[in-house]
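Visitor: I would like to go through this model with a few questions about its helices, core and loops.
Guide: Here are the sequence and the structure.

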Amino acid sequence: AALAGMLVQLSEESPMADPADALAEKVEEISGLISRLEPTLVEQLFARLARSVLALDSQRRQQLLRDTVLPGLLEGRADGRLLRHFPDLELADSLSLLLDLQVAAPEMLRTAFERLDLPSERQARMKPIIDERVAARRRETRATDDLRPGAIDGLADGGIRVEGTGK
């Protein structure tokens, strides 16, 4: 948060009273700086940045994840790398925010998960959690759908399922 405050002061933006605001505003720039450092320091500093992001209040953290970090992960930017340092459940919750976006399909969550390039042991631990989140979202979506006969239900495992009434 201190580095974020310094970046704000160096920029032409007006100073922010709350260090959390500065962190939320500058996480992309901070991540870019970290990624250019000596490789032995990079993971340590991303871990510290991840702890700072996790310390933000829930609403601010979710907004930061939706607006900056998750798109960064999908686009291959450095700021997405900080997610590697989230604990398993927080990582699953964060990735699940992709499902809240109207354009995001469960496949996008899996793509984001793969881009984290986690060690195979952690992938094995995380996969059931991610699968459960996707299944829960599908159940939740189906429970709220009020499809009419013949309506398209959407994508299911790469295909479109069409339900219609026979004559």
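Visitor: Leaving aside neighbours within four places in sequence, which residues is Leu95 in contact with?
Guide: The model is predicted, so side-chain atom pairs count only at pLDDT 80 or more. With neighbours within four places in sequence set aside, the contacts of Leu95 are Leu70, Leu73, Leu109, Ala112, Phe113, Leu116 and Ile130.

Visitor: Which element gives the largest share of the largest nonpolar core?
Guide: That core has 34 residues, and Leu82, Leu83 and Leu95 have the most contacts inside it. Two or more residues each come from α2 (19-35), α3 (39-55), α4, α5 (88-100), α6 and α7. The largest share is 6 residues, and the element giving it is α5.

Visitor: Are α4 and α5 roughly parallel or roughly perpendicular to each other?
Guide: Gln62, Leu65, Arg66, Leu70, Leu73 and Leu74 of α4 meet Ser94, Leu95, Leu97, Leu98 and Asp100 of α5. The axes are 10 Å apart and the packing angle is about 90°. Angles of 65 to 115 degrees count as roughly perpendicular. The two helices, α4 and α5, are therefore roughly perpendicular.

Visitor: Where does α4 bend?
Guide: Helix α4 covers residues 58-75 and reaches 24 Å from first C-alpha to last, close to the 26 Å expected. Its buried residues include Leu64, Leu65 and Thr68. The bend is about 45°, and it is at Leu65.

Visitor: Which residue follows α4, and what is its phi?
Guide: Most residues other than glycine have a negative phi. The residue after α4 is a glycine, Gly76, and its phi is positive, near 80°.

Visitor: What is the phi of Asp117?
Guide: Asp117 lies in the loop between α6 (106-115) and α7 (120-144). Its relative accessible area is 55%, so Asp117 is exposed. Although Asp117 is not a glycine, its phi is positive, about 55°.

Visitor: Is Glu43 buried, partly exposed or exposed?
Guide: Glu43 is a residue of helix α3. Buried means under 20% relative accessible area and exposed means over 50%. At 31%, Glu43 is partly exposed.

Visitor: How far apart in space are Glu43 and Arg84, C-alpha to C-alpha?
Guide: Not counting residues up to four places away in sequence, Glu43 touches Arg81, Arg84 and His85. Glu43 and Arg84 are 41 residues apart in sequence, and their C-alpha to C-alpha distance is 9.3 Å.

Conventions. Residues are numbered from 1 along each chain as its sequence is written. This is a predicted model: local features need pLDDT of at least 70, side-chain atom pairs count only at pLDDT 80 or more; totals for chains, interfaces and linings use all residues. Side-chain values use heavy atoms; hydrogens and water are left out. Helices (H or I, at least four residues) and strands (E, at least two) are DSSP runs, numbered from the N terminus. The expected span of a helix is 1.5 Å times one less than its number of residues. The bend at a residue is the angle between axes fitted to the seven residues ending there and the seven starting there. Buried means under 20% relative accessible area, exposed over 50%, partly exposed in between (1.4 Å probe, protein chains only). A nonpolar core is a set of buried Ala, Val, Leu, Ile, Met, Phe, Trp, Tyr and Cys residues joined through side-chain atoms within 4.5 Å. Contact means heavy atoms within 4.5 Å. Axes are lines fitted to C-alpha atoms, for helices over the stretch in contact, and angles run from 0 to 180 degrees between N-to-C directions. Angles under 35 degrees count as roughly parallel, over 145 as roughly antiparallel, 65 to 115 as roughly perpendicular and the rest as oblique.
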